[in-house]
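Colleague: I'm new to this one. Could you walk me through one part of it, up close, in plain words?

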Amino acid sequence: MAHIPGHKSDVQGQGVRDFLGGLIGGASNLVTNNPVSRGIASAASAGRNELLSDWRWTGDGKSSQPTTPVASTRDRMDTAIANALVNQQNKQAQTRAARLAPTNESFSLGNLEGLTGVAQGSTAARNAQNARSAQISQENAIKNALGDFARANAFNTDRFRTGATPGLDAAIDFGVAQRTPTSLGQGGPSMTDLASVAFDNPPTVGTPPGDDETPIQCPVGTVPDGKGGCTPVGEPVGNIICPLGTVPDGAGGCAPDPNFGGTPVVGDTIRSLYGELSTRDFTDMLRNMMAERETNLRGLNKQSVDQLAASVLRRTGQIGDIKTALETELGVLDADRAGVQQDLVDAVAARAQQMQADTDASLVEARAGLGDQVTDEFEKVAQIVGSQAGSQAMSSQDAMARLAQVADMAAAERLAAPAQLASEAELALGDEEFAYTQALQSNLSEALAGLDAEETERILEEAMRQENFNIGRDQRMIEALVGDLVRKDTQAFQAGQAQLGRDFSADQAQLGRDFSADQAQLGRDFSAGQSALSRAFSGQQSALSRAFQTSEREAAQTYKAEQAGIVLAAEQDAARLKQEASTLALQAEAADEQTAADLYKVDVALWRQMTGTERQALREDWIETQQLAGIGSEAFPMGTMQNLQQKYPKLDPDFFIHVNAMLGIDTLNAGNDEEAATLRDQYLEGLRTTDPYGAKGLTVAETSMIDTLYAELAADVVESARLARNAEQLEMSSIGRRR
Amino acid sequence: MAYAGYGDRASSLGRQTREYGYGLSDIQRAKERIGRSDAMNKFNVEQQVGRAARSLPGAFNRRGMIDSGQFKRAQEISAGEAELARFGVAAQTEEARRQLDQQRNLLEEQLYGSQIEDQIANALRRFAIAQTVGGLA
């Protein structure tokens, strides 16, 4: 059906086209920061245009390629991209491809046929198609790898990276690797490859695959040939299909693809990323801070010392001032004191001189009044008075002089007080200064000692913190490595599981086919054998049927004859037994009543009271019993429990069980009759005892009946043994006679 | 170190002033009393000397010895005794005044000594404050 623009299917396919366009366009938008990625993006964009146009043929399911086998969307996308690259970007490749596939549709069909291996035609054509299929797979692998790289490097645009947070960058890489769904791939690498490519190309790389070496920039529509050159797309490079990340080396093997994203070594990347994790060493900072604190302490101490010195200087000045003021005050007071004291001395001296002068004047006046003295009486007295007056005047002056001297001594002592007090004050001030200085120095020493201890402690804590950080980092790295190993193992397991699934499916299909063939053959063989067996069975069945009918007829005839004889004999025996029983009954009744009662095993008194009818009924009953049980030892030999039971058919069957048990006691205690009798009595006593689990107790009459039955049976046993011995003796004697 | 405060100093100054004033007053009063005693003693001595001088010529005249040498001798002895009496009064007065001067000297010594001690005590209080850096360091 030709495509009709605006058709409903076209509208429906638009959503798919938008999705694909967004997917590829998004990928191209995400790699714009990388030159190689931009090249990839441009190629992808061109491929997208062709893909969209080509998708119009196949995407709606109603395009002009109805003959294309149903393939997955991924296959169709690969085919469409390959066709787009071939048709639009490289005419030469298109020409070469056209030589092998004249039309685009048949080329795609050939690709799919090559993939599915169902292409029909000549061997050469199939080989060519297989080769193209391999080439297409290789190209798809390359494209997918590039797409993966684009997706992985979509986060390499530093959009989410800070460059200073390696942990966050690693987390981004890991998240990209873990969360990039396989469905985004175009038949390319699985989740394993995506994770590995993303994780093994961390943002710090920031370069396209093979950037360390100069990548081979092949024109669009060509691929590297592994030898440094390019080969057109669609040109088979041998029949070698190389794994992802490798290209044919042209020599029959595979070589690493220089354009591929490098060999994924996640473990090395993890080690590298975690190796970037480091913590800052604050040891020097701690030392510097401690040194600053030491400097500050010394500065504070110096300030205190300076302040103390200033204080001491101020106090020293104050002491000097006080001393000076005190000296001044004392000087003034002492000068006043000295003045007053000198006035007193002067006054005393003046008065003494006046007294002496008055005495002298009085003596002169007395001499003048006496005139010429005729004796020395007056002169002796005058001499004494004059000398006494002089002595007293001198004494008064000397006394005041002594007092003044003493006062001057005291004054000198008091005047020396300021200097002494100032000296003492300065001494005390010096002592206090010394004490303060000592205290400051002691405090400084203690603070410095504490500072050293604290510095040591802080540095040790810093070292321990760094060690803990390293331990934690190593632990996380180990966890990441273990996680990577688990992831790889899981992926390998899943891959192996998938491979096993595929192998299983293939094997199952093959087994199914084999089974079907074998089943068909077996069916045929079974049908043939069944027919032959059926025929043989029919023949054998007919023969057997005839033989069976013959033998059955003969057996039936024989059986009827024997049965008639048996019946006749039985009837004869029954009649004979009945006759014998009747005879015995008549003989017993004819003998006497006791014999009859013993025969019928009833009391003789009872027998006597019976009427004729009753005796008739008892007789018939006895005869019938004898007929059924046999007479004598014909049915059951004497001395057996059955014989005893036949004799007393109307007794409780449990009685015979107890009789049998008592007989068993005799058997177990053979040769010890007393012990056996004791045990039998105990057994009967036990029968009379009421069982706590149920009513078992028998009456004395019932146990007496059991004991009577036992005695009869025991007597029968003894009698039968005696008869047997007699018969044996008779036989032996008969044998002896015959000899 | 204990030292006198303002209250102690004020009471001490009052006491010193009172003692000095009273002491000075007592000395002055004693000095005046000594002056009066001296004047009375001198007057009595002069009265006795005058009476002896007037009675001596009569006594020698009655004996008829007024013109003798004995009378002259008695006049010389009497003049000597008069001088001794005058000196005794003067010496007694001088001795009393010397005692007052000594008391005055002691009083002045006490006054200035107390004032100086007060000054020293005040200086000691200031020294006690100035010899510590507890309030400054």
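**Two helices side by side**

Modeller: α11(A) and α2(B) run roughly parallel to each other, a label for angles under 35 degrees. The angle behind that is roughly 5°, where the axes of α11 (residues 377–415) of chain A and α2 (residues 69–130) of chain B cross, coming within 9 Å. Axes here are lines fitted to C-alpha atoms over the stretch in contact, with angles taken from 0 to 180 degrees between N-to-C directions, and a helix is a DSSP run of H or I with at least four residues. Who sits where these two meet? Sorted by class, it's 17 nonpolar, seven polar and ten charged residues; Asp, Glu, Lys and Arg are the charged class, Ala, Val, Leu, Ile, Met, Phe, Trp, Tyr, Cys and Pro the nonpolar one, and the others, Gly among them, are polar.

Bear in mind that this is a predicted model, where local features need pLDDT of at least 70, side-chain atom pairs count only at 80 or more, and totals for chains, interfaces and linings use all residues. Residues are numbered from 1 along each chain as its sequence is written, and chains are lettered from A and ligands numbered from 1 in the order in which they are written.

Zooming out, the chains' contact takes 56 residues from chain A and 40 from chain B, pairing residues whose C-beta atoms, placed from the backbone, lie within 7 Å. On chain A's side, α10 (283–370), α11 and α12 (417–591) each supply at least two residues, and α10(A) has the largest share, 28 residues. Chain B itself has two helices and zero strands, a strand being an E run of at least two residues. As for confidence, the predictor gives the complex an ipTM of 0.86 and a pTM of 0.41.

Methods: Angles under 35 degrees count as roughly parallel, over 145 as roughly antiparallel, 65 to 115 as roughly perpendicular and the rest as oblique. Two residues are in contact if their C-beta atoms, placed from the backbone, lie within 7 Å.
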